[in-house]
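Hi,

Here is the structure I promised to pass on. Have a look first, and then read my notes below.

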Amino acid sequence: MNLKLNQTKTSVRLSEVAIAQVHDLPASVIDSLVLSSSMNLVQRLSSYRSAVSEAWNSAEEVLRRAGMQTVEELERKIPELSDSDWETIQLWVKRKTEMDDALERFKLIYRMGKEQADAKLFGMTRIPALQRKVALKYPQLLNTDTGMREETSEALLGHLLQSTVENGESGTTEVRFRLGEQSETEELAEVLPQVRIRQSLVSRWTDAMAYDDRLNEGFTFKVNDGLVIQNGKDGLLVADGIEVGGTPTVHEYIYPIDDGQAAGHLKKGVARKKKDWIRSLQGAGGKAKFQELLSKEILVPVLPEKQAELCPLQGLASLVARIDSPRARRLRKSLLFLEVLLDQMESCIPAALPALRERAARSVERIHRVLPVRLTGRLAEGDWFSEHQFCNEKTIGLPESVREDLEAYVQKPGITIVRSSIADTVAGWFIELYGRGAECNDVLGFLTHCASRLDAAEEVKIVEADAKLAVSGAGMRKPTGLSEMVPHGTLSFRVAARSEQAMKRGDYQILAECRQGGDVPEEEQWIRELLPDAEPLWFSYGSDWTGKTKNFSGRQLLWPTDRQFAGRGGKFLTVSDLKIAHDPESDTLVILGPEGIPVAPVYTGKIPVHQLPDRIRLFLKLVHPWVYLKDGRSGRMRPGYSPRQTEGRVVTSPAEWRISTGDVPLQEVGEPESDYYLRLHDWRVRKGIPQEAMFAVVDSKFPTAACSGNEERYIHFGSPRLIGRFAGSLAEGDMLILTEVFPERGAHAIGRSGQPCVTEFKVAVKWV
């Protein structure tokens with residue numbers, strides 16, 4: 001396949017299936033956090049300042065004629081002043097007194113307004129849609145006797161913003177629909193909540209059972225596929241996972257091993273039951289050796305395919321169903337009872353959720369008495385449950401003209417697609433090791449070698465090379481390899497219209513942006529068309545045991561440090577089943593399956609690609625080497641202002657303010673909060689920034705890719721809590737990017753319960 005962007009004309013296709021993420025609450029709910037009285041008084045303070053300044057200019061002229069420096073000196077010579085000069089001084093004193101009085105009133109109103117806003121924030125826990133979120137994560141907030149603490153109020157603020165204007169893991173309802181299909185009913189479809197135990201907790205329970213000598217009889221264990229050879233010594237690829245702000249981050253590293261008599265067994269890569277492993281290791285210590293290999297993760301548990309098809313709690317319960325011991329029976333009973341409680345939590349009214357959540361938490365604690373696990377991050381805080389809401393088969397009323405506008409936009413989406421130089425760099429390293437046209441059977445070893453060479457300096461070099469290629473307009477100059485995907489991404493857009501009738505008349509605007517990647521669940525046929533020359537291997541790192549998720553047909557790829565499964569018919573492949581070969585004709589690397597045919601891992605996980613371990617990111621780059629860079633950006637963003645740009649009904653770029661974080665005023669030590677509020681207001685007015693905006697803090701030294709994973713956050717400069725959150729996000733040396741809020745208030749045509757809400761639409765796009 002010869003695909004040459006920017007040299008040969010390409011066609012663009014939109015998927016028929018689109019996703020709408022509808023926020024649960026209207027954006028107007030946030031207005032309760034805004035100090036409206038204070039903001040009105042701020043406007044009057046500006047008038048007072050102008051009046052004082054004007055009066056002082058006249059007073060200075062009187063002082064100059066009298067040869068005085070201060071008004072105090074002048075007051076001692078009042079009899080010598082003319083009537084007009086005396087009136088000038090008195091006017092200045094009057095204006096200054098008025099301003100001082102207004103400042104005192106402002107400080108009082110500010111303090112009272114902030115207390116009232118905090119009380120309103122606490123009272124929002126009674127809103128049904130928000131009450132469910134709070135009950136699952138912070139049930140103590142629903143107890144009015146506990147009051148509002150700073151840390152819990154910040155947590156509640158986060159839930160509120162995710163339910164109104166920001167994107168997050170909760171606070172929206174997912175609606176799947178066909179783009180351009182008209183709604184035939186005015187009735188709202190039923191929203192279906194799904195309450196789940198957090199996957200990271202299920203993973204810890206699974207490991208605890210596998211490593212417990214009294215509970216792991218039903219498990220099968222295999223040699224870790226992460227065994228590698230470095231400098232002639234055996235090593236094992238292991239992973240540590242942490243959460244930063246609720247976001248999972250995984251780090252892999254090589255752990256040296258030396259297993260003497262067991263080395264022969266380790267290199268076979270076989271999977272055996274526990275008793276069979278103990279028998280085969282008799283010469284090396286039997287059960288003691290088995291426990292040692294298990295503790296070092298040289299042996300890892302393997303879940304049968306039939307377990308993967310069950311929901312997690314039922315699957316875990318089935319693994320101990322045949323163990324006849326009080327401990328196993330108690331664990332199984334607790335797991336199944338917790339599953340019943342989760343089902344009840346899904347269907348209950350918000351008022352009943354706290355009591356059910358408390359019962360579910362006690363069930364989790366009973367499980368922990370059987371399975372002692374070490375909890376960190378959110379799990380240590382008791383954040384064990386999550387909720388995802390979806391609306392099945394609900395038609396969104398977007399007219400066909402919206403699709404036509406989007407199709408016209410993606411012809412010139414404001415991005416340049418380049419084939420990243422990382423692909424050529426990795427291919428060059430391959431040729432150095434194995435030669436042109438060669439094959440490599442040790443895929444993990446090669447990726448480990450590449451990861452060791454891809455240091456920070458090398459990454460910066462690659463990023464800058466991609467940026468120069470984009471600016472030059474050259475784009476891609478070489479054909480793609482057999483394992484490479486067609487360039488594709490996600491078209492994210494919002495629609496602004498005063499009403500559904502206005503939208504049907506064509507009286508609307510669209511804010512659209514093409515992004516690299518994305519989590520739009522495309523149809524399987526759509527994905528397969530992205531790989532005309534290779535078989536897709538579905539690869540979902542970090543998903544572990546999600547349960548009740550749609551599986552694509554075909555084979556799945558398992559990574560060594562991820563959960564391992566086994567089944568019949570070769571449904572599961574590991575990295576050791578694959579090869580990497582160099583294709584001299586295209587000068588690209590091709591991934592080959594066991595049969596020698598081209599394959600390609602298709603990532604379907606929830607962890608953002610840029611947060612995956614280095615080896616996985618490099619592996620995925622062999623399949624998706626494309627980088628999408630916004631046109632007109634050299635990669636080094638400069639401070640300035642860009643007005644809104646539109647083409648027809650499509651807003652191609654919202655109004656944007658780019659400001660170095662060092663130029664943003666911060667609260668000084670000892671400065672009263674109300675004074676900082678005023679100072680920030682003056683700065684905002686001078687910059688021409690609106691009262692409310694979306695903001696992101698980015699590294700100005702790197703290109704602004706269309707996949708920049710910086711989620712935008714909301715700021716209203718009339719809310720002390722939002723100002724504090726805004727100031728806490730700034731870091732020295734970065735760039736603050738503020739963009740106008742779109743749609744503006746009153747233009748959210750899509751909503752729930754008859755109220756307009758912020759809605760983010762996503763549809764898959766590809767260039768063929």
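Let's start with a term: I call it a salt bridge when a side-chain nitrogen of Lys or Arg is within 4 Å of a carboxyl oxygen of Asp or Glu. Before the examples, please keep in mind that this is a predicted model, where local features need pLDDT of at least 70, side-chain atom pairs count only at pLDDT 80 or more, and totals for chains, interfaces and linings use all residues. Residues are numbered from 1 along each chain as its sequence is written, and side-chain values use heavy atoms, with hydrogens and water left out.

**Salt bridges**

The structure has 44 salt bridges. One of them joins Glu-292 to Lys-289, at 3.4 Å from N to O. These two sit three residues apart in helix H9 (residues 287–295), so about one helical turn separates them. Helices here are DSSP runs of H or I with at least four residues, strands are runs of E with at least two, and both are numbered from the N terminus. Glu-292 is partly exposed, at 28% relative accessible area, while Lys-289 counts as buried at 10%. For those words, buried is under 20% relative accessible area, exposed is over 50%, and partly exposed is in between (1.4 Å probe, protein chains only).

Arg-528 is partly exposed at 28%, and Glu-524 is buried at 16%.

In helix H3 (residues 83–123), Asp-100 and Lys-96 lie four residues apart, about one turn of the helix. Their salt bridge brings the closest N and O atoms to 3.2 Å. Asp-100 is partly exposed at 31%, and so is Lys-96 at 34%.

**Aromatic rings**

How many aromatic pairs are there? The count is 18, where rings of Phe, Tyr and Trp (its six-membered ring) pair if their centres lie within 6.5 Å; planes under 30 degrees apart are stacked, over 60 edge-to-face, and the rest tilted. Phe-539 and Tyr-541 have ring centres 6.5 Å apart and planes at 50 degrees, so this pair is tilted. Phe-539 is buried at 0%, and Tyr-541 is buried at 3%. Tyr-628 and Trp-767 make an edge-to-face pair, 5.9 Å between centres and 85 degrees between planes. That pair links distant parts of the chain, with Tyr-628 in strand S22 (residues 626–630) and Trp-767 in strand S32 (residues 759–767), 139 residues apart. Both Tyr-628 and Trp-767 are buried. There is also an aromatic cluster made up of Phe-539, Tyr-541, Trp-559, Tyr-603 and Phe-619.

Two charges sit over rings, in the sense that NZ of Lys or CZ of Arg is within 6 Å of the ring centre and within 35 degrees of the ring normal. Lys-766 lies over the face of Trp-526, 4.1 Å from the ring centre. The charged end of Arg-272 is over the ring of Trp-277, 4.7 Å from its centre.

**Strands**

Strand S4 (residues 220–223) pairs antiparallel with strand S8 (residues 271–273) over three bridges, and four bridges join S4 to the antiparallel strand S9 (residues 299–304). Pairing needs at least two bridges found by DSSP between the strands. Lys-222 has Ala-271 as its bridge partner in S8 and Val-300 as its bridge partner in S9.

Cheers
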